[in-house]
Amino acid sequence: MCEPIPLRKICKSSVAEILSSSDSSVKTANVGDLRRVRDNVPLRLWAVAFIGFWERAAFWGLTAPWQNYLEHGSKYTSQETPGALGLGQAMATRIYCGFYVFYYVTPVFIAIIADSYLGRYKTLIISIVIYCLGCTVLTVSSIPTNLDKGWGLPGLVLAMVLIGIGGGGFKAITAPFIADQYIETKPRIVTLKSGEKVITDYHLTLQYIYNLYYWLGNVGSLSWFATVYIEKHLGFTGAYGLTLGFMGIATLLLICGRRWYIRLPHEGNIVPQATKILSCVCRNGFKMTNAYPEYQSEHFQKTVPWSRELVGELARGLRACRVLLAFVMFYVCFDQMQNNLISQAGQMKTNGTPNDLLPAMNQVGCIVLGPLIQEVFYPFLHRRRIYLGPITRMTIGFVFVALSMLYAMAIQHSIYKSPPCYNRPDTCDHPDSVSSRPNVWIQAPLYFLMSAGEIFALVTGMEYAYDYSPKDMKVIVQAVSLLIAGLASAIAMALTTVAHDPNLSWFYGSLTGLMTVTAVIFWIIFRRSDNASKTSDQEAPSET
């Protein structure tokens with residue numbers, strides 16, 4: 001969960017320095033020599049990004065206390081870890097992972113409604129209302145008197161269902177909805193104040209849009225700091241009530257801007273046609289070209305109801321889904337941040353720092369590294385005519401995630417070496433059991449490595465899913481990418497049986513190896529796709 005954005009003027013891209021030019025001396029033949037830059041983005045796109053800001057503030061604010069809420073009991077002193085349900089680490093982790101499986105799977109069904117029946121905006125409104133209901137149930141059920149009545153666990157389960165439906169739908173729909181707000185897809189030759197002629201690039205602009213969206217979301221997710229401190233000093237009800245307020249603001253922004261946002265017209269349900277195309281492909285050697293209308297007419301004297309263009313778009317979408325499958329291992333590693341790494345922090349010397357505060361350093365890392373990558377690193381490469389393709393960026397992200405798991409293994413090894421408890425830190429009652437363990441803030445660099453991985457891989461995955469999906473199936477393809485995350489959460493949940501002392505050093509080491517192998521295989525299989533996209537997406541620019 002990271003998101004880059006410029007540090008300059010908050011509502012303008014670096015192309016804000018563009019001057020209009022009527023000079024027609026630049027020939028199309030010389031376009032390849034011009035530096036490519038991102039375009040300006042409209043204010044309505046920023047408005048959608050701020051809706052994402054408030055939603056992320058709510059999501060990370062309410063999920064941050066969940067591990068403690070589930071794991072520890074409601075009777076605790078000011079020096080102990082807060083809790084409510086007392087289910088233990090293993091059961092808490094299973095429930096937490098189960099929520100993420102549900103959260104990532106439900107968008108598939110919501111996406112079909114959005115792309116095939118109601119359209120993106122109406123479905124987004126319904127999703128956000130369900131989301132608000134879930135926050136309300138969670139807040140009410142966490143009131144101490146209601147916990148004493150036994151409302152805690154049923155209320156949490158109901159809240160997880162509502163938040164899973166509403167939040168999953170919101171996440172799947174908002175990703176394409178924000179990109180819909182940018183409609184200037186054709187390249188233009190423009191002149192900067194420096195006199196340099198440059199060409200606006202749609203893909204660089206799309207990359208910037210998703211970095212902006214992700215960066216603002218991470219700024220919102222700093223609510224993690226607020227809710228874990230409210231949890232520790234005031235209780236869970238105040239923490240969850242704050243997130244309900246965040247969702248109320250997001251709802252108002254979405255409804256009040258109704259006439260301002262670009263709401264692409266709903267052009268009918270293409271899912272049945274897509275299903276027929278895939279069925280035809282399966283019957284004809286699993287080759288997409290065999291589903292072309294002219295092929296069916298020539299070889300089978302059959303007239304099919306779909307167009308060649310739809311087959312081509314669907315083929316691009318399937319290629320995108322194949323690329324996104326590599327994220328299974330990415331999400332398995334990422335999920336450790338929500339449970340096992342919180343428990344790891346609890347085994348360290350905290351000096352009063354809440355153990356579930358450290359994962360918020362992931363958001364801090366995204367906020368710090370995002371602008372550096374988007375506004376310093378990428379432009380540095382662009383000035384040298386080096387443009388990292390999506391496959392390259394995703395591979396770099398996978399490497400950073402592998403390094404984060406390697407660092408987690410080193411920390412766990414250090415914990416296991418600490419006397420007098422060694423590899424049984426949770427079951428040792430020695431009075432000096434914590435004093436010799438590493439300080440909890442040593443864990444912080446791990447989250448910065450994870451942040452870099454998200455910026456390069458996860459943000460690029462969102463961009464890739466939007467760019468390569470059929471225009472009437474963009475929510476569905478985004479939902480497929482979330483489904484892959486759900487599969488990873490299911491795997492992470494299955495791994496809870498081995499993710500315990502004294503196996504955790506080997507556990508993190510295994511994740512390091514698997515993530516490294518994933519990065520290598522991914523690069524070997526898909527590296528040529530970057531070159532293919534460079535040649536296939538070129539278009540003659542207009543001049544302004």
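Helices here are DSSP runs of H or I with at least four residues, strands are E runs of at least two, and both are numbered from the N terminus. The model is predicted: local features need pLDDT of at least 70, side-chain atom pairs count only at pLDDT 80 or more, and totals for chains, interfaces and linings use all residues. Numbering starts from 1 along each chain as its sequence is written, and side-chain values use heavy atoms, leaving out hydrogens and water.

**Whole chain**

Start with everything shown. The protein chain has 21 helices and five strands. Of its 544 residues, 55% count as buried. Buried means under 20% relative accessible area, exposed means over 50%, and partly exposed lies in between (1.4 Å probe, protein chains only).

**Stop 1: T227**

Select helix 9, residues 223-233, and find T227 there. T227 is buried, because its relative accessible area is 0%. What does T227 touch? Leaving out residues up to four places away in sequence, T227 touches G61, A64, P65, A239, L242 and T243. A contact means heavy atoms within 4.5 Å.

**Stop 2: salt bridges**

The structure holds nine salt bridges. Each is a side-chain nitrogen of Lys or Arg within 4 Å of a carboxyl oxygen of Asp or Glu. Select R36 and D201. Their closest N and O atoms are 2.9 Å apart. R36 sits in strand 2 (residues 35-37) and D201 in the loop between strand 4 (197-200) and helix 8 (202-220), so the pair ties together parts 165 residues apart in sequence. R36 is partly exposed at 27% relative accessibility, while D201 is buried at 12%.

Now pick E463 and R393, whose salt bridge spans 3.0 Å, N to O. E463 is in helix 18 (residues 444-468) and R393 in helix 17 (residues 390-416), 70 residues apart. Both E463 and R393 are buried.

Move to D115 and R120. Their side chains meet in a salt bridge at 3.9 Å, N to O. D115 and R120 are both buried.

**Stop 3: the surface**

Select V517, V520, I521, W523, I524 and I525. Together they form a nonpolar surface patch with about 530 Å² of accessible area. Areas come from the Shrake-Rupley method with a 1.4 Å probe; for residues, only the protein chains shown count as cover. Patch residues have over 30% relative accessible area and no salt bridge; like charges are joined within 9 Å, and nonpolar side chains (Val, Leu, Ile, Met, Phe, Trp, Tyr) within 5 Å. W523 lies in helix 20 (residues 504-526). W523 is partly exposed, at 34%.
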